[in-house]
Amino acid sequence: MNKKYLDLFQALVKAYYNDNFDKTIVSILNDNNIEKEKLAQCISLLCGVNFPTDENFVENLKLAISSYKANEKIVYKLANTECSCKSDGETLCQTACPFNAILKDPITATTYIDMDACTDCGFCISACEMGNLMDRVEFLPIVDILKSGTPVIASVAPSIIGQFGENVSMDQLRAAFKKLGFTDMVETAFFADMLTIKEAVEFNHFVKSKNDLMITSCCCPMWVGMLKRVYEDLVKYVSPSVSPMIASGRVLKALNPDCKVVFVGPCIAKKAEAKEKDLLGDIDYVLTFQELQGIFDILDINPSELEGIPSLEYSSKGGRLYGRAGGVSIAIADAIKELYPNKYDLLSTIHVDGVPDCKAILDKAQSGSLESNFIEGMGCKGGCVGGPKAIIPTEEGKKILDDFALDSAYKVATHSEVMLDILKDIGINSLKDFKDPEKINIFERHF
């Protein structure tokens, strides 16, 4: 997060916790050195809400936080801001946008977002050196839920390991979330394991020869968005699966309908995914690693200093590897080898990361010149460990994640007895049930 926005965000969080929110907002707005319209927009986005910015600003803001609605846009351009152009006339944000959703006004020569074309992927935010683009931060609405006594569970992306300290364990992170007020923390990797089995079953069903094709839809909303918007004729080859994030929300809510689920990861696009019409309500809120670090800092929570709260070992090596490029392919290949050894010889995987490589591989698939029959794509270089809101460098994140995954008690998704018990709780009593459309509907999404 941009330093000036981080400082403002932390001031808002501290004030909200200390019950002097009104006074703090008034004080901030009275700063005559900052343009009021832009400042008001920054505050609203850092509080995670949109609302009328009239003379009743503070009351409107508090009402919007307490009555938070999830069906809103994520990425915004701040009012009255100019962009620096590259030599070819395009701004950095225009160059970064995979969907050509940032346009230039011919009269004012400033850029604006075409909201119909924008997927809220957030690539433009990372590219903008001037801090003219922001995404909404949903933490203050979460605070209200935490104070209410409602069960709130954090579902943390596999790439979280190492982000808050090289030696910080999952048990220590769990303790940190509990100190923050969460009821519990679970690994999203556990739900990735369930999808691994689902997609292995689908591969066995759909791929009869090396000439057949299957495209995984797991993990990356950028990859899915690209397929839906640019490569529509390939959608028929896409696995009709939700992402591990969405699977975590659906399963947790099936087990406890009263709970709220907060996903925590390195990705702005996950905020937008949680608000897609067919997924709305599966995940209640999304926080990024950088946002969480700012929250920990202002509330004096240091995971490395906490005594960990142990839990059962439940995620497999494969599920944890979903956090980096190539991990999905490894997990599903391992499952196919175990469940359908006769089909394993047919499997030819390829994985790509970064928007240009994703486009290149899908162009090949579209033209029929692709030699592989299972494609995995991730929008960020390196996969999720290279996400725009990761804290540590991509290669460092990959190494720590690989070491963590390899140290897993379960190597393949099908080996997790804990997962098999949870599946029974949601009506999936055997691996054969993954062939039953009604029983796996909880993991399904129709594009």
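**Rings, charges and helices**

Modeller: Arginine 229 lies over the face of phenylalanine 99, at 5.8 Å from the ring centre. The model is predicted, so local features need pLDDT of at least 70 and side-chain atom pairs count only at pLDDT 80 or more, while totals for chains, interfaces and linings use all residues. Residues are numbered from 1 along each chain as its sequence is written, and side-chain values use heavy atoms, with hydrogens and water left out.

Biologist: What makes lysine 270 a charge over the face of phenylalanine 263?
Modeller: A charge sits over a ring if NZ of Lys or CZ of Arg is within 6 Å of the ring centre and within 35 degrees of the ring normal. Lysine 270 is placed at 5.9 Å from the ring centre of phenylalanine 263 and lies over its face.

Biologist: Why is lysine 270 called buried?
Modeller: Buried means under 20% relative accessible area, exposed over 50%, and partly exposed in between (1.4 Å probe, protein chains only). Lysine 270 has 7% relative accessibility and therefore counts as buried. Its contacts (heavy atoms within 4.5 Å), leaving aside neighbours within four places in sequence, include Cys219, Met245 and Phe263.

Biologist: Why is the pair of phenylalanine 177 and phenylalanine 182 called edge-to-face?
Modeller: Rings of Phe, Tyr and Trp (its six-membered ring) pair if their centres lie within 6.5 Å; planes under 30 degrees apart count as stacked, over 60 as edge-to-face and the rest as tilted. The centres of phenylalanine 177 and phenylalanine 182 are 5.2 Å apart and the planes stand at 90°, so the pair is edge-to-face. Phenylalanine 177, with a relative accessible area of 0%, is buried, and phenylalanine 182 counts as buried at 4%.

Biologist: Which residues form one aromatic cluster with these two?
Modeller: The cluster consists of Phe164, Phe177, Phe182, Phe289 and Phe296. A search of the whole structure finds 10 aromatic pairs. One of them joins phenylalanine 164 and phenylalanine 289, edge-to-face at 6.2 Å centre to centre and 80° between the planes. These two residues are 125 residues apart, in distant parts of the chain.

Biologist: What makes the contact of α8 with α13 nonpolar?
Modeller: Ala176, Phe177 and Leu180 in α8 meet Leu292, Ile295 and Phe296 in α13. Ala, Val, Leu, Ile, Met, Phe, Trp, Tyr, Cys and Pro count as nonpolar, Asp, Glu, Lys and Arg as charged, and the others, Gly among them, as polar. The residues of this contact accordingly divide into 6 nonpolar, no polar and no charged.

Key: Helix = DSSP H or I, 4+ residues; strand = E, 2+ residues; numbered from the N terminus.
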